[in-house]
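Subject: Structure for your files

Hello,

Here is the structure you asked for. My notes on it follow below.

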Amino acid sequence: VIFKRPSFWLTLLLAAVFVYLPMRGNDAALREDLILVAVAIILVSNLNLMIGYTGYVNFGHIVFYGLGGYVGLYLVSARGWHLPSAALTAGVFVSICALLFGLGVLRLRGAYFALATVGILVAVHAFVSNFDPWGRSTGMYLPFEAYEPLGGAMRALWTTYYLIIAVMTLSMILSLTIKRSKFGLGLFAIREDEDAAVVLGINATVYKAIIYSVSAFLPAVAGALMFYKNGMIDPSIAFEYMLSIEGIVMLMLGGQGTVIGAAMGAGLYERLRSYLLTQPRLSNFHLVIAGGLLLVVVLFASSGLIGWLYRFVPRSREVIE
Amino acid sequence: MIDGLLVGAVYGLAAMGLSLIWGVMDVINLTHGAMIALGMFAMYLLFALTSANPYLLLVPILGIGLVLGVLVYWLSVHWVLGRSQLMSLLSTFSVNMMVIGIGTALWSTSPYNVNFTLKGITVGDYTFTGNHIAAACSALIIALLLELFLYRTRMGKAIRAVADNREAAELMGISSTAVLAIAFGIGIALALGSGALVSTLFPFTILSGAVYQLKSFVVTVLAGLGKPLGALAAGVLLGLLEGAVTPFIAVSWIPLIEFGLFVVVLILFPRGIFGRATA
């Protein structure tokens, strides 16, 4: 049962801290910092379902987030929907796309799939840049009245912040639930040896397509919320290749396959990136540093920060997953 | 159409580098795009420095590529061979990030071009630009040289042996590490060379490599792995296709078409159109 697992309570504690800290001093700057961390945790947790659990690299994970943002913003601005229903619809829509697509593409094994995911990102970017209802390459803007249902722009910012924290918590709980389920064990089997898993009666293609689709849902919801908060979207912001890649760096840094590790990597890297980007001398080199970090982790510590923790405090394995 | 054919030869050259590395050491080289971009800038700098004929400058650029490739091999690839494919994808990608990062810091992301034109040839009412012809010829010559190297020299034979079966090659007294490093070097040299050729045709930025990387993947998959001349032919095919569709649809749709082609080919012909059963 999930209530008996310390990581579940750690997740709730993290969420409580995220809610409490900016609320205490009505601190909007801190809220903006934390929302970026929360979004990073959402993206990385769901990416972990593919990379860490199933062993399939998804270079184009950001596509779910961007597409969710587009669908959400379109429903709110052009159709006059309310935010919650628009965000949920965005999630469902993107998940269904991912499922259909996954059934086709996930017959590809390993590295071929990884290449296909790069292609998916490029292709969706090209499609959206040419799609008239979504404003082609100039994107879409949200009129100010769109924030009225949530009590004006000021209140809307806080509401979306809490919603993002909720999605972040759900992402981590989802990861924890899958990890200890029969479905999760099937995914681990595919990661270790796909042929053996198939022989043991796991329908690998269906499993992979389902997890691909599941890993699309919450990022798409988060995308709809975030781009609603920002009030605008265009293809180069929504489908930023580098952000997709940085998600992988965060995951490797924290420790792939672990829930708390993924969140830790996301939080640390996101803060590091914000720091580097605001330093005038270093802002050009943040990619170099991220690349170097990734190389070091891959070559010398492929199990990430959590791997270190496990090695030095073996008992932590039982508490932190 | 004909322009497409000529540009396609350059795509083919880029894909040959990727295909060689993939075929020999089962590593998908994600530094490929960055190396193509470096080739473009190497050409730009050398041309600005010497103002010699760009097609002669190819020779030093290929040399730089070989050395760079061996360095990258030692830095990122050697340690992850034999580990899961995820690791080599990530380690080559991290080098890619560093190169792009440094490149962005040095040259920003604004476009550059190599200001050099050869006189074209006019047939009837159609003019072939000289640069396209020269680039395609250079690509063909390099491809033929590689084919000769792989099939007519001891080193080439060693590379093919290691690609076939690394343990068996070791037992025959081939130092597989050196062979892999050189094969990687050649792969990178081809990427730089194709980048240099592209830079004489179109303006470019440090991020342009990514576009050609995607094209290289499509071409490699079309051709099947480890077949240099197959890659060249598939490159020409892709170039022809692009040339054939551009009059009818906007250029911005091309990535979508290429990607569709990539997926369809992967699913229908997992070993490539020119591939045999023993790819």
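Helices (H or I, at least four residues) and strands (E, at least two) are taken as DSSP runs and numbered from the N terminus. This is a predicted model, in which local features need pLDDT of at least 70 and side-chain atom pairs count only at pLDDT 80 or more, while totals for chains, interfaces and linings use all residues. Residues are numbered from 1 along each chain as its sequence is written, chains are lettered from A and ligands numbered from 1 in the order in which they are written, and side-chain values use heavy atoms, with hydrogens and water left out.

Chain A

Chain A has 15 helices and 2 strands. Its radius of gyration is 19 Å, close to the 20 Å that the globule rule gives for 321 residues, so chain A is as compact as a globular protein of that length. (The radius is taken over C-alpha atoms, and the rule is 2.2 Å times the number of residues to the power 0.38.) Along the principal axes, the C-alpha trace of chain A spans about 55 × 45 × 45 Å.

Of the 321 residues in chain A, 56% are buried. Buried means under 20% relative accessible area, exposed over 50%, and partly exposed in between, with a 1.4 Å probe and protein chains only. Contact means heavy atoms within 4.5 Å. Among contacts in chain A between residues at least 6 apart in sequence, 79% join residues at least 24 apart.

The accessible surface of chain A is about 13400 Å², and carbon and sulfur atoms hold 68% of it. Areas come from the Shrake-Rupley method with a 1.4 Å probe; for residues, only the protein chains shown count as cover. Chain A carries 21 positive and 16 negative side chains, with the centres of the two sets 7 Å apart. Lys and Arg count as positive and Asp and Glu as negative, while His and the chain ends are not counted; each charge is placed at NZ of Lys, CZ of Arg, CG of Asp or CD of Glu.

Helix α9 of chain A (residues 204-230) has 27 residues and should span 39 Å at 1.5 Å a residue, which agrees with the 39 Å between its end C-alpha atoms. The expected span is 1.5 Å times one less than the number of residues. In α9(A), 20 of the 27 residues are buried. Just after this helix, A:Gly231 takes a positive phi of about 80°.

Helix α13 of chain A (residues 286-300) has buried residues that include A:His286, A:Leu287 and A:Val288. Their cover includes α11 (241-254) and α12 (259-278) of chain A, together with α3 (54-77) and α4 (85-107) of chain B.

A:Glu246 lies in helix α11 of chain A. A:Glu246 is buried, with a relative accessible area of 1%. Neighbours within four places in sequence aside, A:Glu246 is in contact with A:Tyr269, A:Arg273 and A:His286.

Chain B

Chain B has 11 helices and 2 strands, in the order α-α-α-α-β-β-α-α-α-α-α-α-α. The radius of gyration of chain B is 18 Å, close to the 19 Å from the globule rule for 279 residues, so chain B is as compact as a globular protein of that length. Its C-alpha atoms fill a box of roughly 60 × 45 × 35 Å along the principal axes. Buried residues make up 53% of the 279.

Regards
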